[in-house]
Protein chains: 2
Amino acid sequence: MFIGEYKHSIDSKKRLALPSKFRGEFKGKVVVTRGLDQCLFVYPMSEWKKIAEKLGNMPVGEKSTRSFVRLMLAGAIDLDLDSQGRIVIPDYLKNYAKLKKAVTVAGLFNRLELWDEGAWDKYKSGAEKDQDKIAEQLGRLGIY
Amino acid sequence: MFIGEYKHSIDSKKRLALPSKFRGEFKGKVVVTRGLDQCLFVYPMSEWKKIAEKLGNMPVGEKSTRSFVRLMLAGAIDLDLDSQGRIVIPDYLKNYAKLKKAVTVAGLFNRLELWDEGAWDKYKSGAEKDQDKIAEQLGRLGIY
DNA sequence: TTCTGGTTCCCCACTTTTCGCCACTTACTA
DNA sequence: TAGTAAGTGGCGAAAAGTGGGGAACCAGAA
């Protein structure tokens, strides 16, 4: 289970180290995909297979479904960790999430999220302002 | 399983290199056919056989089904990879997808798609716009 | 048949990118 | 404060992508 917030940096070769405490769960392989709100999702292979299976079997008849599947599958990439636990972020994903040097890695239960540090801080302060709404949601979920 | 987005180029002899990480799955042979939305589909021989089977058994009653089957089956061609992992794109397919020099190769689960780079970028930015719909679709897949 | 022009295919070569490894530095722990 | 682990940086080797020469092949024309 992925939890916590970590700061890492992308070097000149587009390499990004993943937090060492999670490397065991990845077993040397991860899948990175386009996420929501301009971040990237990082899944262990086992999680990704479930998702890909569903995507691959979606009907291609409808135009909007087709483009959704294209975006998700073509937007994903499977990567190997090097001996230091780093992955190389492809250009098209790096651009999508507007990643520069400083990256925030966030643990979200069954995945990691990669954020440009600045974007993350902004997003977070926005979300923190919305405390009342969050409290409301928690209540609805039965969390007190 | 094919995923990811790759940039390659067609040279003056109409040769196009396929991403090296997939060459193993092709075993030297591929089937290329007209795809949906002005792109080309590239299947490994094993996948193509399944597809062709399905297409051959489709009911020919509906007009749109008929034209879809014609599109896929009539345009299909099997190609060999050369020793550098390239295929030669026939003119009629190159024209159909309006391929110029810069080509985007997209992995879509059981096939690759070949797009003119410009067309791909346009298609993608169109699909990316509707983040709400994407979130909705993700929710339907059980991804949160 | 023989010549010629065009096309295809095979192989070699150059350039760029990627990958694996090693090493330094920083942070945390005991 | 020594020791260990994590994060970062850089080098050299290997692989991938691209371009081009030239042989083989196939047509049509003389």
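I take helices as DSSP runs of H or I with at least four residues and strands as runs of E with at least two, numbered from the N terminus. The model is a predicted one, in which local features need pLDDT of at least 70, side-chain atom pairs count only at pLDDT 80 or more, and totals for chains, interfaces and linings use all residues. Residues are numbered from 1 along each chain as its sequence is written, while chains are lettered from A and ligands numbered from 1 in the order in which they are written.

**Entry 1: chain A as a whole**

I looked up the elements of chain A and found six helices and eight strands, which run β-β-α-β-β-α-α-β-β-α-β-β-α-α from the N terminus on. Along the principal axes, the C-alpha atoms of chain A fill a box of roughly 40 × 40 × 25 Å. For burial I call a residue buried if 20 or more other C-beta atoms lie within 10 Å of its own, exposed if 12 or fewer, and partly exposed in between, with C-beta atoms placed from the backbone. On that count, buried residues make up 32% of the 144 residues in chain A. For contacts I require that the C-beta atoms of two residues, placed from the backbone, lie within 7 Å. Of the contacts in chain A between residues at least 6 apart in sequence, 62% join residues at least 24 apart.

**Entry 2: strand β4 of chain A**

I count two strands as paired if DSSP finds at least two bridges between them. Strand β4(A), residues 40-44, is mostly covered, with four of its five residues buried. Five bridges join β4(A) to the antiparallel strand β3(A), residues 29-34, and in this pair A:T33 stands opposite A:F41. The two strands form a hairpin with five residues between them, and A:D37 in the turn has a positive phi of about 60 degrees. Three bridges join β4(A) to strand β8(A), residues 111-116, which also runs antiparallel to β4(A), and there A:V42 stands opposite A:L112.

**Entry 3: the sheet of chain B**

I next followed the open sheet of chain B, where six strands lie in the order β1-β7-β8-β4-β3-β5 with antiparallel pairing. β1(B), residues 2-9, and β5(B), residues 77-80, stand at the edges with a single partner strand each, so one side of each is left without a neighbour in the sheet. Neighbouring strands of this sheet are turned by 25 degrees against each other on average, direction ignored; axes here are lines fitted to C-alpha atoms, for helices over the stretch in contact, and angles run from 0 to 180 degrees between N-to-C directions.

Which strands does β3(B) join by bridges? Four bridges join β3(B), residues 29-34, to β5(B), with B:V32 partnered by B:I77 and B:K29 opposite B:D80. Five bridges join β3(B) to the antiparallel strand β4(B), residues 40-44, and B:R34 stands opposite B:L40. β3(B) and β4(B) form a hairpin with five residues between them, where B:D37 in the turn has a positive phi of about 65 degrees.

**Entry 4: chain A against chain B**

The contact takes 20 residues from chain A and 20 residues from chain B. On the side of chain A, the elements that give two or more residues are α2 (45-56), α3 and β5 (77-80), and α3(A) gives the most, with eight residues. By class, I find 12 nonpolar, four polar and four charged residues on that side; Ala, Val, Leu, Ile, Met, Phe, Trp, Tyr, Cys and Pro count as nonpolar, Asp, Glu, Lys and Arg as charged, and the others, Gly among them, as polar. Helix α3(A), residues 63-74, lies across β1(B) and β7(B), residues 102-109 for the latter, and runs at about 95 degrees to β7(B).

I then superposed the copies by least squares on the C-alpha atoms of residues with pLDDT of at least 70 in both. Chain A can be laid on chain B with an RMSD of 1.5 Å by a turn of 24 degrees and a shift of 10 Å along the axis. The copies use different surfaces, as 5% of the contact residues of chain A recur in chain B.

**Entry 5: the DNA strands**

Around DNA strand C I list A:D82, A:S83, A:Q84, A:V88, B:K13, B:D82, B:S83, B:Q84 and B:V88, which by class are two nonpolar, four polar and three charged residues. DNA strand D is surrounded by 20 residues, of which the closest are A:S9, A:D11, A:S20, B:D11 and B:S20. The elements that give two or more residues to this surface are β1(A), residues 2-9, and β1(B). By class, the surface near DNA strand D has four nonpolar, 12 polar and four charged residues.

Notes:
A residue is near a molecule or strand if its C-beta atom, placed from the backbone, lies within 6 Å of it.
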